[in-house]
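Please keep the sequence and the model in view while reading.

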Amino acid sequence: MTDKHISEEDAFGDNHVCTSAKTPLRADAFDKTDAEKISIIEENIRQIMHTLGLDLTDDSLRGTPKRVAKMFVKEIFGGLHPERRPSASTFDNNYQYGEMLVEKNIVVYSTCEHHLLPIVGRAHVGYISNGKVIGLSKMNRIVEYYAKRPQVQERLTLQIVQEMQRALGTEDVACVIDAKHLCVNSRGIKDIESSTVTAEFGGKFKNPEVRKEFLEYIKLDTKY
């Protein structure tokens with residue numbers, strides 16, 4: 001790979017470009033078992049640490065390659081596997097609640113796909129029922145599932161909305177995410193104060209008055 005190509009890739013990543021609403025996966029992404037992936041990643045991490053000059057015989061570092069490999073497969077990138085997709089159970093809206101429902105301040109822990117550094121923030125999700133409602137915890141689980149993969153925030157926002165729309169059978173879904181990217185906060189420009197806000201509004205939420213109502217809800221202080 002030439003220096004020119006490397007420079008272009010660096011610029012592409014620093015601009016946080018999103019190429020698709022779908023996570024880019026190969027056709028053979030799930031041919032290997034989790035155990036096989038962990039074994040391969042463990043050896044790769046061991047090689048990276050060795051190349052960096054770390055002493056892997058040290059008690060503190062000896063188990064790091066396996067810990068990192070398990071974390072990649074089972075935890076922070078666990079949302080890549082379709083078998084872990086949450087069951088978004090819906091129910092008939094028998095109580096005829098016809099107003100907006102908003103679940104706000106859902107914690108987001110994700111990973112920037114350009115530098116593999118954390119994205120940490122909050123998601124606010126709302127919908128208007130057209131006959132179906134979804135369990136509140138399912139909304140959190142949808143956010144968690146799509147966050148647990150290499151991401152860009154724009155794609156994550158779209159994926160949450162699209163999954164909610166599929167589950168509820170309505171376009172009337174909105175999501176706003178406000179998050180800090182450690183690829184900005186801890187490297188490069190090293191701006192520790194800035195955060196990124198993304199939003200996707202579907203159906204009735206494209207109406208300025210409905211959108212305004214949603215944004216007012218997520219600004220409310222939560223009292224206990």
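In helix α2, the residues D34, I38, E42, I45 and M49 are buried, where buried means under 20% relative accessible area, exposed over 50%, and partly exposed in between (1.4 Å probe, protein chains only). These residues lie on the same side of α2, because they cover an arc of only 80 degrees around the axis; the arc is that of the directions from the helix axis to the C-beta atoms. The face turned away from this buried side carries the exposed residues H50 and T51. Among the elements that cover the buried residues of α2 is α3 (64-76).

The model is predicted: local features need pLDDT of at least 70, side-chain atom pairs count only at pLDDT 80 or more, and totals for chains, interfaces and linings use all residues. Residues are numbered from 1 along each chain as its sequence is written, and side-chain values use heavy atoms, with hydrogens and water left out. Helices (H or I, at least four residues) and strands (E, at least two) are DSSP runs, numbered from the N terminus.

After α2 comes G53, with a positive phi near 95 degrees.

The domain assignment, which is automatic or taken from a database, gives two domains.

| Domain | Residues |
|---|---|
| Domain 1 | 32-75 |
| Domain 2 | 89-219 |

Their centres, taken over C-alpha atoms, are separated by 33 Å.

Which residues touch the most other members of the largest nonpolar core? They are V125, Y127, I160 and M164, in a core of 25 residues. A nonpolar core is a set of buried Ala, Val, Leu, Ile, Met, Phe, Trp, Tyr and Cys residues joined through side-chain atoms within 4.5 Å. The largest share of this core, six residues, comes from α4. Leaving aside neighbours within four places in sequence, V125 is in contact (heavy atoms within 4.5 Å) with residues including L101, I106, M139, I160 and F214.

Y109 lies in strand β2 and is exposed, with a relative accessible area of 58%. Not counting residues up to four places away in sequence, Y109 touches I119, V120 and A147. Y109 and R149 are 40 residues apart in sequence and 9.7 Å apart in space, C-alpha to C-alpha.
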